[in-house]
Amino acid sequence: MEKLKKKIGSISFWKWVIASIIFRLILIYFPKNLNLSSRPEVSTPLTSFRRLAEGYWLKQSSMSPYAGSMYHGTPLLLSLLGPLTVKRIEGQPNHLLYSLVSVIADVVSAMLIRANGQNLQLAYLRTLGSLDLVKQIEGSELHSSGDVAALIYLCNPFTIVACVGLSTSPIENMVVILCLYGACSRLIPLAAFGWVIATHLSLYPAILIIPVIFLLGRGPDAPPRKLFLQRHQQKGRLNQSKLPPGFSWGPIIRFAFWSLVWSVYMLVLCGISLKQFDGLWEMFKSTYGFILTVEDLSPNIGVLRYIFAEVFEFFRNFFLIVFHFNILFMILPLAIRLHHRPCYLAFVYFAICSMLKSYPSVGDSALYLGLLGWFVNELSDMQFSLFFFCGYVGVSLLSPVMHNLWIWISSFFNGTGNANFYFATAMVYASLQIVLVVEGVSAMLNHDRKLRRLITGKPQDAKS
């Protein structure tokens, strides 16, 4: 019976995968891709297809791709995706090849998410077996977290519009997921490759180093080690075979070695690509420097744009430090509290970065919502689920309306439009993510407390 259920579930999963691919292809054939590539929610100065095409044109014209302050991506994207911006197939939509690459990237990401989710669920079940808690959960239904997470990512409207809108977000998300998959599967060269490329493309995935260290040193997500010690102390004997492995530095040293190898390799390739211009310094200044200084104040769904458009120039550097260090200040406390759940820690980190990064897009939300699907069983008691769903739907519908209202009023009434219309939706969007992180961390900690109560046999109290 269990095998039949798994077979039916697998067939249903692949039906949804095929349906999502067909839906993407249908949208690609709409005129001008529904103009999604021009939406500030989809394309940012770092992920815009138009800017990628501009950078490639400059390079083909023997000029620096960073001339003119249009392109701020990496030479890697320019070399791999740049040719697709000019290739055409007669009788087919423009940029069809680029769109197909985005579709393939989404499907590969979903398959990696599924495989990693299955690994996490197996580790979760082994943990329950080690704690002798299998009988306590036999009455509860365990969902296939790998399938759920993959479908959340693949069928998410944010993922779809990022793909159809010719954004580079699908590529960036794919290498991030590749890093996590490599770390969970103990494929150290693959994990190092994913981390180096993800950091090279977007800078913010650099904080992924903390979850990767925990994954390689301790293994996939599991309850705290003290729960195992507490369980076996109750039995009066300590079975070392059932204890989770201690922290191991060997895989981390190998990861550092491979990260160094891949980093040197990438820098050499970038140096060769830019040797006729100003070299690597120009790349760092136009990519990482552009991210950290928030030079472009064109509209997006983040809160930094509006703040730096209004702040006095004298205070600009102060607020730059405040916003960027805001992310860094959260790394250590969260790592201490969630060190035993590195993949969930990665979800929290990416959700925080999506709130506070310089140029956010809906592709960032698509990534962390997909990672959240890995923990569908642990977060079954999470509160405000309907609130989050309605909030994300409301923001998705109101954001383009408020943006058009601002632009149209400015166009027809001599610049009298109010940017607060659009900024209000950005504030709601950031607030939703804040509540999601807080409630998500609280729900995961409550899950660990529930396991502790099952071990000790204590009833649930009001405080917990």
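Biologist: Where does Val 294 lie, and what makes its phi worth a remark?

Modeller: Val 294 sits in the loop between helix H13 (288-293) and helix H14 (304-310), where a helix is a DSSP run of H or I with at least four residues, a strand is a run of E with at least two, and both are numbered from the N terminus. Its phi is positive, about 50°, although Val 294 is not a glycine. This is a predicted model, in which local features need pLDDT of at least 70 and side-chain atom pairs count only at pLDDT 80 or more, while totals for chains, interfaces and linings use all residues. Residues are numbered from 1 along each chain as its sequence is written, and side-chain values use heavy atoms, with hydrogens and water left out.

Biologist: Why is Val 294 called buried?

Modeller: The relative accessible area of Val 294 is 1%, and buried means under 20%, exposed means over 50%, and partly exposed lies in between (1.4 Å probe, protein chains only). Val 294 therefore counts as buried.

Biologist: Which class does Leu 203 fall into, and how do you know?

Modeller: Leu 203 has a relative accessible area of 21%, so Leu 203 is partly exposed. Leu 203 lies in the loop between helix H8 (188-202) and H9, and has a positive phi of about 70° without being a glycine.

Biologist: What makes Trp 258 partly exposed, and which residues does it touch?

Modeller: Trp 258, a residue of helix H11 (residues 250-273), has 30% relative accessibility and so counts as partly exposed. Leaving aside residues up to four places away in sequence, Trp 258 touches Ile 188, Pro 189 and Ala 192, where contact means heavy atoms within 4.5 Å. Trp 258 and Pro 189 are 69 residues apart in sequence, yet their C-alpha atoms are 5.8 Å apart in space.

Biologist: Why are H16 and H17 called roughly antiparallel?

Modeller: The axes of helix H16 (residues 342-356) and helix H17 (residues 362-372) cross at roughly 160° and come within 9 Å. Angles under 35 degrees count as roughly parallel, over 145 as roughly antiparallel, 65 to 115 as roughly perpendicular and the rest as oblique, and therefore H16 and H17 are roughly antiparallel to each other. On the H16 side the contact is made by Tyr 344, Phe 347, Phe 350, Ala 351 and Ser 354, and on the H17 side by Asp 364, Ser 365, Leu 367, Tyr 368, Leu 371 and Leu 372. Sorted by class, this contact has eight nonpolar, two polar and one charged residues; Ala, Val, Leu, Ile, Met, Phe, Trp, Tyr, Cys and Pro count as nonpolar, Asp, Glu, Lys and Arg as charged, and the others, Gly among them, as polar.

Biologist: How do you know whether H7 and H9 are roughly parallel or roughly antiparallel?

Modeller: The axes of helix H7 (residues 169-184) and helix H9 (residues 209-218) come within 8 Å and cross at roughly 20°, so H7 is roughly parallel to H9. Cys 179, Leu 180, Ala 183 and Cys 184 of H7 meet Val 212, Leu 215 and Leu 216 of H9, and this contact has seven nonpolar, no polar and no charged residues.

Biologist: How many helices and strands are there in the protein, and what share of its residues is buried?

Modeller: The protein has 19 helices and zero strands, and buried residues make up 51% of its 464 residues.

Note on methods
Axes are lines fitted to C-alpha atoms, for helices over the stretch in contact, and angles run from 0 to 180 degrees between N-to-C directions.
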